[in-house]
Every structure is written in C-alpha cells, then in structure tokens.
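Reader: I would like to go through this structure feature by feature. Please give the general idea of each reading before the case.

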Amino acid sequence: MTATYFEQLSQTLKEYPRAIPFLLVDLDRLDKNLVQLQRTIRPEVDFRIVVKSLPCVELIDYLMEKTPTNKLMVFHQPFLTDLASRLNDQADVLLGKPFPIKTATYFYNHLPDLSHGFNPYSQIQWLVDTSKRIEEYIQLAKQLGQRLRLNIEIDVGLHRGGFSNISELATALQLLVTNQAFVTFSGLMGYDPHVVKLPSIVRSPTKALQLANTFYEDCKKAIQQDFPSLWSNQLTFNGAGSPTISLHQGNSPLNDVSAGSCLVKPTTFDLPTLKDFQPACYIATPVLKAFEGTTLPAMERMKGLLNVVSSSNQQSFFIYGGFWKADYCYPVGVQQNSLFVSTNQNMLNAPKSVQLDVDDFVFLRPHQSEFVFLQFGKVLVVRGGKIVEEWQLLRNY
C-alpha cells in the first residue's frame, strides 16, 4: 500500500466536519474486487451476498445492483428483520446458520412493515441441521398456518454440524416428504473453509475439496434417486465462501455460492486463493496526544532505558478509541504498546522516523468485516480518495 494513498485519505479526513474513529470503504477497490469475483464464478452459478460480512444497507443495495443478484445469506435475526422491511418480492434469503426456533418464532411474531413486497414465508430458506430442528420448524409452520422453506445443512468436512452421513440425511428427508403440506424442501448448504485452512501435512486442499464435493454429490444423488418428490431444478445447492469460491469450477456440485468478505478483504482473507483481491476497508482514527519517548505508569525512571531498548519507543501517541480487531498499517512503523491497551485512548509507539502529530490520522486494516463494521455507526464511502457518501449499517438489535 503506498504512502500517497493514505496521505490523501488523511488529508480528506482532516477536511471532514468531525474527527472520530471512522470505518472507510473504498468503492474503487471494491469495484475491482467485484470484477475479479465475477470472473471467478461460473456463469451458470448464482452469487449470494453474505450480509454478515457487509452489514451495511446501501452497500448491499449497491452490490445487488452491480452484480446483479437478488440472493442474500443472513446470519442474524435483527438483520433479517431489517432487510425484510427493505427487500422486494424478488429477493431470496438463505439463512447461513440454524436459528433457534424461539428466534424464528420471534421474527414472525414481530414482522416489520412489508410494503416493499417481501414475503417472509416464501422468500426465506430456513437452515436446519438436525431432524429435531426440522420437527420444530414443522410445528412453527402449523402454528403460523404458512408453508416454510427448509434448506438442509450438510457436513462436508468442517464438522461444525449438519448431516454427516446419507442415512441420517434420509431420515430428515423422509420427515420433509411426510410433511410437505407444511414445509418445502429448498436445497442443501455445505460450507467448506477448512479446505484452504487445514495444514497441508494433515490434508492437502485438493484432497479436502475432493472429499467435500464427493459427499455433496452423494447427498444430491440420494435426494434425486430416493426422494424424487423433493427434487426440482429450482433447488438451491449452496456452498463455498470467500476462501474457497475460486475452487468451485467445472466439477463443483454447487449452483449457488456465497461470498462477502473478499470484496473488502480484511486481513483474515490474505489467502493464496484471494491474491488478486485488494484491501478495500480501513479504520481511520485521529491522534489525540503525542509525546517524545514512552512513559508508563510506575515505570517513569525507566523512560530512558525503554527508548534505548527499542527504537519503537522513541515516540508515543494516544489515539481516539482503539483495541479493535485490526492491524495498524499506516504510518508504517506505528505499533500497539502491549502494556497500555485501551478501547478509549489506546497507546501507540513509533520510532523517530515516523512523522505523526496531534490531529493526524492513523489507519488500520480490520481482521474481519462482520464484527468490526458493527462497532461504527456509519460507513464513510470513498471514491478517488474523497468521501462521497455516508452509508448506514444494518440494525443490530
């Protein structure tokens, strides 16, 4: 990342009406990542936006228009409620994790204004991972007097839940056949990030992907052959995610892939499979105080020694906020003081070569977008190094 890039952003922020910690999204970079993503996904495969990774109202709208897609993956009930009030009758929402039945019931008992046309019964695929949960959703459908769509989670090797063998899956599918008056089978979901995150000495990515895809195909065959009344060409066979989306090419069992984080690329996604994607989100926060040397509580006499032990102690700064799940990236050389950590006024150190003063901005790259974004009220949207808009985060309560 060039210093010029951050210097321009810093100057832009200095001209902004206020100085607090900001979450920035660079649309120029996001657009390039979007082009790269579209090159990666096969034309016959549908793209589904992962909302938890991009929990911003206008950002989701922007991506749905740019892609274009009408498909979302949602992991949080407040997000689902917020989106239900905004989406039209073309949207398709797949839950990314099973919701407790109490949470699904709460959602239906507290529906928002649906004037944009979203149907919360026919446009949501509820994820179910056990036969017990399927039975709970059947009972909910009976209580509501509405048919609900159920998507079955399968375990393709991550071992975080879902059906892991064909026999158990068959029991679940029979439940759906028996209760077709109340629930509709909508497809399968198998998440596979372990494919690229396992140590190669344990299992190679090639072998892990082969095993995952083979089990997925076996599940599809079991449905088609043994439960033909559940089979249709409209079923959703979802999987992948930012780390593995590029691996699902010609022999993939998926017709629906999900991604979100790769479009803003926080540090957790600095992976070989995403090498062609660029970081597009940053935290920027102003410096409140600047000092020569480093003085720590009860260690005043050691100030001179600290400066000698490490050149990084030659300057100290206190910033507005801090202790985010993020790494300091500019100015180069600035680092967290490990003994003085604060979410209110975090202490940073730097060698003398770093030029930083009060009211200058420090920049960080988030480790992930899904949690870090929600610590900020709004997203500052940057294009050409200038702030062009403020975008609202999704409701999180």
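Reader: In which loop is Pro331 found?

Author: The model is predicted. Pro331 is in the loop between strand E12 (326-330) and strand E13 (335-336).

Reader: What is the omega of the peptide bond that joins Tyr330 and Pro331?

Author: Omega is about 0 degrees there, and the bond joining Tyr330 and Pro331 is cis. There is also a cis bond from Thr67 to Pro68, with omega near -15 degrees. Pro68 sits in the loop between helix H3 (57-66) and strand E3 (71-74).

Reader: Does Lys265 count as buried or exposed?

Author: Relative accessibility decides this, and buried means under 20%. Lys265 has 7% relative accessibility and therefore counts as buried.

Reader: And Phe323: is it buried or exposed?

Author: The cut-off for exposed is over 50%. Phe323 has a relative accessible area of 54%, so it is exposed. Its phi is positive as well, about 60 degrees, although Phe323 is not a glycine. Phe323 belongs to the loop between strand E11 (315-319) and E12.

Reader: Now helix packing. At what angle do helix H5 and helix H6 pack?

Author: Read the angle together with the distance between the axes. Helix H5 (residues 101-109) and helix H6 (residues 131-144) pack at about 20 degrees, and their axes are 10 Å apart. H5 is therefore roughly parallel to H6, as angles under 35 degrees count as roughly parallel. The crossing of these two helices, H5 and H6, is right-handed.

Reader: Which residues make the contact of H5 and H6?

Author: From H5 come Ile101, Ala104, Thr105 and Tyr108, and from H6 come Glu136, Tyr137, Leu140 and Leu144. Sorted by class, the contact of H5 with H6 has six nonpolar residues, one polar and one charged.

Reader: How do the axes of H7 and H9 cross?

Author: The axes of helix H7 (residues 166-178) and helix H9 (residues 205-226) come within 11 Å, crossing at roughly 40 degrees. H7 and H9 are therefore oblique to each other. The hand of the H7 and H9 crossing is right-handed.

Reader: Which residues of H7 and H9 meet?

Author: On the H7 side they are Ile166, Leu169 and Leu173; on the H9 side, Phe215, Asp218, Cys219, Ala222 and Ile223. The residues of the contact of H7 with H9 comprise seven nonpolar, no polar and one charged.

Reader: Last, the whole chain. How many helices and strands are there, and what does the C-alpha trace span?

Author: The protein chain has ten helices and 17 strands. Along its principal axes, the C-alpha trace spans about 75 × 55 × 40 Å.

Reader: What percentage of the residues is buried, and what does the accessible surface come to?

Author: Of the 397 residues in the protein chain, 53% are buried. The accessible surface of the chain comes to about 17,900 Å², and 51% of that belongs to carbon and sulfur atoms.

Terms used
Residues numbered from 1 in each chain as written. Predicted model: local features only at pLDDT ≥ 70, side-chain atom pairs only at ≥ 80, totals over all residues. Heavy atoms only, no water. Axes fitted to C-alpha atoms, helices over the stretch in contact; angles between N-to-C directions. Helix = DSSP H or I, 4+ residues; strand = E, 2+ residues; numbered from the N terminus. Parallel < 35°, antiparallel > 145°, perpendicular 65-115°, else oblique. Left-handed = near helix turned anticlockwise from the far one by under 90°. Contact = heavy atoms within 4.5 Å. Nonpolar A, V, L, I, M, F, W, Y, C, P; charged D, E, K, R; others polar. Buried < 20%, exposed > 50% of the residue type's maximum accessible area, 1.4 Å probe, protein only. Areas by Shrake-Rupley, 256 points an atom, 1.4 Å probe, with all protein chains shown as cover.
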